[in-house]
Amino acid sequence: YYHTEGAPVYPLPLAGMGREQIQAELAKIAARHERLYVVYWGDGQQDPERIVESWLDENTFKATSEWNQDVRFVVYAVPAEPITEMDTAVSLPFGDHSFLLGYTLANSELPPGDILQIALFWQTTAPLAQRYKVFLHLLDENGQLVAQRDSEPGSTLKPTTIWQPHETITDNHGILIPADVPPGRYTLALGLYDIADPNTRLPIQTENGILDALPLETITITE
């Protein structure tokens, strides 16, 4: 309504559009752009099944999500190729029942201002009564935090309490690299914590002992 020039605007869903039509239109939009800036307003009435957000969370990488009163602003990175397969297998237990089967990292080398894209593959051996958040931290050589993404799996659409035993959960995350991050090598670390208490992290059993954050990859930030 207020935007009159600049980037193209795609209002969705339009009146009368069914699920397949909405998803097809989203696929066309994603094919045209590397980033999507989405304004969610009134979607509880216009899109009660959250078709738009579900499709974006499954096919792109949410990097930021901010509320301004009753309007939510979200930034997504669109992958060059769809990530459907797991590239790196780890099969590590997080707590008593949850396992990180592995992950796929779109790019381990990127410039400041870009969005790191990673797909996590989870599984549980038993129903989980507790909701957990995923944290992804980018740490410098001194262990200082330079970027992060904290979210429930599937950006709240796949909370741990609905995971079915032995079902593989694909969980996309984007991490916005701040524009002022110096070039260099950084460590990407992963963990899970109790949604009600961020200080309570699930223990991770590794060959090097029990950790509360798992170093996944070395990320190179270019100039």
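1. A residue counts as partly exposed when its relative accessible area falls between the limits for buried, under 20%, and exposed, over 50%. Arginine 50, at 31% relative accessibility, is therefore partly exposed. The model is a predicted one, and the points below should be read as comments on that prediction.

2. Start with the charged pairs. Arginine 50 forms a salt bridge with glutamate 53, with 3.1 Å between N and O.

3. The structure as a whole holds seven salt bridges.

4. What separates the closest N and O atoms of glutamate 152 and arginine 131? The distance is 2.5 Å, and the two residues form a salt bridge. Glutamate 152 sits in the loop between β9 (145-151) and β10, and arginine 131 in the loop between β7 (115-124) and β8 (132-139), so this bridge ties together parts that are 21 residues apart in sequence. Glutamate 152 is buried, at 4% relative accessibility. Arginine 131, with a relative accessible area of 38%, is partly exposed.

5. Now the rings. Three aromatic pairs turn up in a search of the whole structure. One of them joins phenylalanine 94 and tryptophan 122 in an edge-to-face arrangement, 5.2 Å centre to centre with 85° between the planes. This pair links distant parts of the chain: phenylalanine 94 belongs to strand β4 (residues 88-94) and tryptophan 122 to strand β7, 28 residues apart. Both residues, phenylalanine 94 and tryptophan 122, are buried.

6. Another ring pair, phenylalanine 135 with tyrosine 193, is stacked; the centres are 6.1 Å apart and the planes make an angle of 25°. Phenylalanine 135 is in strand β8 and tyrosine 193 in strand β11 (residues 184-194), so the pair ties together parts that are 58 residues apart in sequence. Phenylalanine 135 has a relative accessible area of 1%, so it is buried. Tyrosine 193 counts as buried too, at 8% relative accessibility. As for clustering, ring pairs connect Phe94, Trp122 and Trp163.

7. Strand pairing deserves a check by eye. Strands β11 and β15 run antiparallel and are joined by seven bridges. Within that pairing, look at leucine 188, which stands opposite glutamate 217 in β15. Strand β15 (residues 214-221) also pairs with strand β6 (residues 109-110). Those two run parallel, with two bridges between them. Glutamate 109 stands opposite threonine 220 in β15.

8. The largest pocket holds about 1100 Å³ of space. It is lined by 27 residues, and those closest to its centre are Val9, Tyr10, Pro11, Val38 and Val39. Elements giving two or more residues to this lining are α1 (19-32), β1 (35-40), α2 (43-46) and α3 (51-59). Which element supplies the largest share of the lining of the largest pocket? Strand β1 does, with six residues. By class, the lining has 20 nonpolar, four polar and three charged residues.

9. The second largest pocket has about 400 Å³ of space. Its lining counts 21 residues; nearest the centre are Glu58, Asn59, Pro82, Ile83 and Asn172. Helices α1 and α3 and strand β10 (169-176) each give at least two residues. The largest share, five residues, is that of α3. The lining divides into 11 nonpolar, six polar and four charged residues.

Note on methods: Residues are numbered from 1 along each chain as its sequence is written. This is a predicted model: local features need pLDDT of at least 70, side-chain atom pairs count only at pLDDT 80 or more; totals for chains, interfaces and linings use all residues. Side-chain values use heavy atoms; hydrogens and water are left out. On a 1 Å grid over the protein atoms alone, a cavity is a set of points where a 1.4 Å probe fits but cannot get out, and a pocket is an open set with protein on both sides within 12 Å along at least five of seven lines; lining residues have an atom within 4 Å of a point. Grid points are joined across faces, edges and corners, and a volume is the space filled by probe spheres set on the points. Helices (H or I, at least four residues) and strands (E, at least two) are DSSP runs, numbered from the N terminus. Ala, Val, Leu, Ile, Met, Phe, Trp, Tyr, Cys and Pro count as nonpolar, Asp, Glu, Lys and Arg as charged, and the others, Gly among them, as polar. A salt bridge is a side-chain nitrogen of Lys or Arg within 4 Å of a carboxyl oxygen of Asp or Glu. Buried means under 20% relative accessible area, exposed over 50%, partly exposed in between (1.4 Å probe, protein chains only). Rings of Phe, Tyr and Trp (its six-membered ring) pair if their centres lie within 6.5 Å; planes under 30 degrees apart count as stacked, over 60 as edge-to-face and the rest as tilted. Two strands pair if DSSP finds at least two bridges between them.
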